[in-house]
2 protein chains.
Amino acid sequence: MALIVQKYGGTSVGSPERIKKVARKVKSFREQGDDVVVVVSAMSGETNRLLDLARFIHPQARGRELDVILATGEQVTIGLLALALEKVGCPARSYTGAQVPIQTDSAFNKARILSIGEERIRQDLSKGRIVVVAGFQGVDGQGNITTLGRGGSDTTAVALAAALKADECQIYTDVDGVYTTDPRVVNDARRLDRISFEEMLEMASLGSKVLQIRSVEFAGKYNVPLRVLSSFEEGPGTLITVEDEIMEQALISGIAFSRDEAQLTMTGVPDHPGVAYKIIGAVSDLNIEVDMIVQNVGSDGTTDFSFTVHRNDYQSALEALQHAAAELGAREIYGNPRIAKISLVGVGMRSHAGIASKMFEILGSEGINILMISTSEIKISVILDEKYLELAVRALHEAFELAKPPAGVTNSVAC
Amino acid sequence: MALIVQKYGGTSVGSPERIKKVARKVKSFREQGDDVVVVVSAMSGETNRLLDLARFIHPQARGRELDVILATGEQVTIGLLALALEKVGCPARSYTGAQVPIQTDSAFNKARILSIGEERIRQDLSKGRIVVVAGFQGVDGQGNITTLGRGGSDTTAVALAAALKADECQIYTDVDGVYTTDPRVVNDARRLDRISFEEMLEMASLGSKVLQIRSVEFAGKYNVPLRVLSSFEEGPGTLITVEDEIMEQALISGIAFSRDEAQLTMTGVPDHPGVAYKIIGAVSDLNIEVDMIVQNVGSDGTTDFSFTVHRNDYQSALEALQHAAAELGAREIYGNPRIAKISLVGVGMRSHAGIASKMFEILGSEGINILMISTSEIKISVILDEKYLELAVRALHEAFELAKPPAGVTNSVAC
């Protein structure tokens with residue numbers, strides 16, 4: 001008998017029919033003898049409907065009152081799911097964030113969880129009840145309703161699993177797991193049975209948007225086994241866990257990529273302290289998020305400085321740079337709004353040299369020019385012209401044999 | 001500087017535009033220097049939408065989980081109104097029933113208020129904030145969300161006004177006050193400036209459905225001056241207050257009536273103890289509400305027994321009576337599903353004889369046959385054939401001169 005925390009997202013509870021289906025799925029776990037705590041999101045579209053109402057009233061709606069409004073989305077779902085569970089013969093009880101309580105700080109609209117009271121949940125579980133908890137919300141020290149920001153329901157589920165020391169935290173979504181790369185680009189992309197928290201963080205932040213990144217960090221920190229599964233199909237999904245438990249590690253776990261990037265370069269920048277801050281500061285002052293930053297060693301007392309931003313921010317970033325260049329006396333500014341980023345991710349890289357050179361060799365043999373390179377312990381990212389994106393991903397996927405399960409890793413994961 | 005509790009119903013907050021309008025109205029009171037606590041209902045249609053969702057999931061949806069769902073309706077409105085107030089420059093803070101807290105018993109779907117914590121509200125008022133409270137909901141001793149049943153927002157407003165010892169509780173609705181009778185039936189029906197709690201109770205329960213009856217009882221019990229006003233038009237509305245404060249009382253305050261009634265009669269009922277219970281018990285066992293009950297003194301050891309029910313319940317009540325009649329050995333059962341009830345209401349009746357005889361005289365002179373009569377201290381009700389309803393109401397309204405304000409009553413009520 002295990003204690004499982006399950007989270008169902010907005011699409012999975014998007015209609016009364018789907019809520020009934022979730023109830024039947026939860027019941028099947030209960031019938032196997034598991035204790036189940038279910039975390040749900042608002043029905044799909046509901047949060048946007050509430051946001052539209054709020055913004056019609058007050059275009060800059062935010063803060064305490066916005067959270068009062070948004071928190072109702074999940075509150076409706078918990079009541080409906082509890083009713084659906086009762087209807088199929090599973091005693092159930094719903095809790096809002098404030099009722100659990102899920103204590104947070106007072107940063108309305110993006111609160112952080114401080115602690116979770118587990119007493120009421122334990123009591124209900126001991127009476128054989130399913131516990132249904134509203135995701136995305138909590139309560140601060142003064143009893144104010146808070147929300148955790150978009151995707152916060154994943155974080156709620158992981159935090160509950162950590163507090164309850166659950167055996168597994170299952171995130172039900174509309175994909176059936178984490179893939180070696182996007183199956184829409186590579187036909188034989190393979191679902192991973194297991195992946196480490198670190199790799200998942202790199203994959204998620206790089207565009208394979210399956211899980212909210214904060215929830216993966218949280219799961220890693222508290223060592224909560226996290227499983228991504230489909231609400232609509234049967235299957236074991238992907239287990240995200242600590243590296244030690246992944247018996248035989250493939251060199252590369254997956255290939256993440258993102259389109260919609262733009263590159264900016266300033267050449268002939270005087271090479272002295274404080275220059276990087278002046279360049280990046282000018283851009284981040286406009287609330288533009290900077291992704292990759294590369295600076296080369298200079299030779300003639302000047303250096304070249306490049307970075308990437310989201311394509312939508314390209315024009316504003318370019319203008320900010322022009323001011324900064326004039327101030328710094330830089331030689332030239334140029335940019336490319338049509339680039340893409342590809343990253344190889346894998347903890348196996350740590351102990352195996354030569355991954356980078358193999359990657360560059362493959363890209364070179366396809367005639368693809370690399371514009372920028374950046375590396376971390378378990379990741380190599382390259383920037384290239386957007387038109388080569390699919391070609392590059394397919395070539396790398398094939399050359400690193402990602403469609404084949406790595407030797408020694410068992411595929412039979414119980415679920 | 002007064003402390004005013006205002007309640008806006010579902011129609012008054014039925015759209016974002018109307019919520020903005022309410023905010024401007026509340027602001028105008030604040031600018032006069034009043035402290036304002038606002039109680040709001042769910043946006044019109046919202047409670048039914050939520051109820052439909054719940055019933056789709058579970059046709060017999062009720063109890064704890066239904067209240068979790070329904071309470072979200074008011075929670076959305078408080079957040080939106082607080083945002084709208086902030087937008088027009090009035091600092092505001094919203095509270096759910098649980099946040100106030102409004103403590104109730106645990107009778108889900110029809111909870112009763114036990115006590116109200118006024119500390120948070122007082123703090124906000126002292127900081128110059130408008131306080132916006134969700135009507136219709138509370139929290140029980142175990143922290144469960146409860147609702148007070150339909151129309152419960154009026155009760156919330158009155159209970160808050162009583163707890164805060166407010167100077168006045170204003171109920172904004174889609175009519176501009178309480179009338180001597182329904183203006184759709186009598187063209188020159190007159191808005192009452194004042195009416196006593198007792199009269200209002202008789203008027204409300206008899207079909208002039210302006211206020212929820214529980215809220216009037218509550219206001220009377222705690223002596224909270226209650227004012228009914230229109231959200232959409234200016235005007236002083238009707239003040240409902242204690243009898244003493246109504247200087248010169250008219251004999252009759254108003255004429256209430258209800259259609260949709262049905263009458264059932266059992267004749268030749270053996271006249272011994274327990275018979276009334278057997279007859280009415282048979283009907284109320286089916287959860288049918290019985291309104292007027294009349295039993296005449298018998299002569300030959302039997303008696304005739306009549307009562308009225310809602311027209312929708314006529315057939316079921318008739319069937320129940322047939323069983324009871326066979327058991328009791330009664331002579332005959334007959335009924336009339338097309339009757340109406342008319343009631344004269346007025347505290348002045350107490351000290352003035354002859355109201356009843358004048359009423360019967362007027363009806364007789366119009367050729368209207370009276371089927372049943374029932375009286376209380378401040379009310380005389382008659383049952384008559386439905387087709388005479390309008391004729392009777394108009395004749396009585398004219399004969400008792402209700403279109404004319406009673407002498408000595410000032411019309412200039414400050415608002």
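Visitor: What makes strand S13 and strand S16 of chain B a pair, and how do they run?

Guide: Two strands pair if at least two bridges are found between them. In this predicted model, eleven bridges join S13 (residues 254-270) of chain B to S16 (residues 332-345) of chain B, so the two count as paired, and they run antiparallel. One place to look is Glu261(B), which stands opposite Ile339(B) in S16(B).

Visitor: How do you know that S16(B) also pairs with strand S18 of chain B?

Guide: The cut-off is at least two bridges, and seven bridges join S16(B) to S18 (residues 379-385) of chain B, so this is a pair as well. These strands, too, run antiparallel, and here Lys341(B) stands opposite Ile383(B) in S18(B).

Visitor: Which domains is chain A divided into, and what separates their centres?

Guide: Chain A is divided into domain 1, covering 3-245, and domain 2, covering 255-399. Taken over C-alpha atoms, the centres of domain 1 and domain 2 of chain A are separated by 35 Å.

Visitor: How do you know that domain 1 of chain A touches domain 2 of chain A?

Guide: Two residues are in contact if their C-beta atoms, placed from the backbone, lie within 7 Å, and by that criterion 14 residues of domain 1 of chain A are in contact with 14 residues of domain 2 of chain A. On the domain 1 side, the largest share, four residues, comes from helix H6 (residues 197-205) of chain A. The residues of that side divide into five nonpolar, five polar and four charged.

Visitor: Why can chain A and chain B be described as related by a two-fold rotation axis?

Guide: Chain A is superposed on chain B, with an RMSD of 0.2 Å, by a rotation of 179° with 0.1 Å of shift along its axis. The two copies are therefore related as by a two-fold rotation axis. Of the residues of chain A, Thr72(A) comes closest to that axis, its C-alpha lying at 2.6 Å. The same surface serves both copies, since 100% of the contact residues of chain A recur in chain B.

Visitor: What are the confidence values of the model, and where in chain A does pLDDT stay under 50?

Guide: The mean pLDDT of chain A is 90, and 95% of its residues reach 70 or more, while the model scores ipTM 0.80 and pTM 0.82. Over residues 409-415 of chain A, however, pLDDT stays under 50, and for these residues the model has ten contacts beyond four places in sequence.

Key
Residues numbered from 1 in each chain as written. Chains lettered and ligands numbered in written order. Predicted model: local features only at pLDDT ≥ 70, side-chain atom pairs only at ≥ 80, totals over all residues. Domains from an automatic or database assignment. Nonpolar A, V, L, I, M, F, W, Y, C, P; charged D, E, K, R; others polar. Least-squares fit on C-alpha atoms with pLDDT ≥ 70 in both. pLDDT = per-residue confidence, 0-100.
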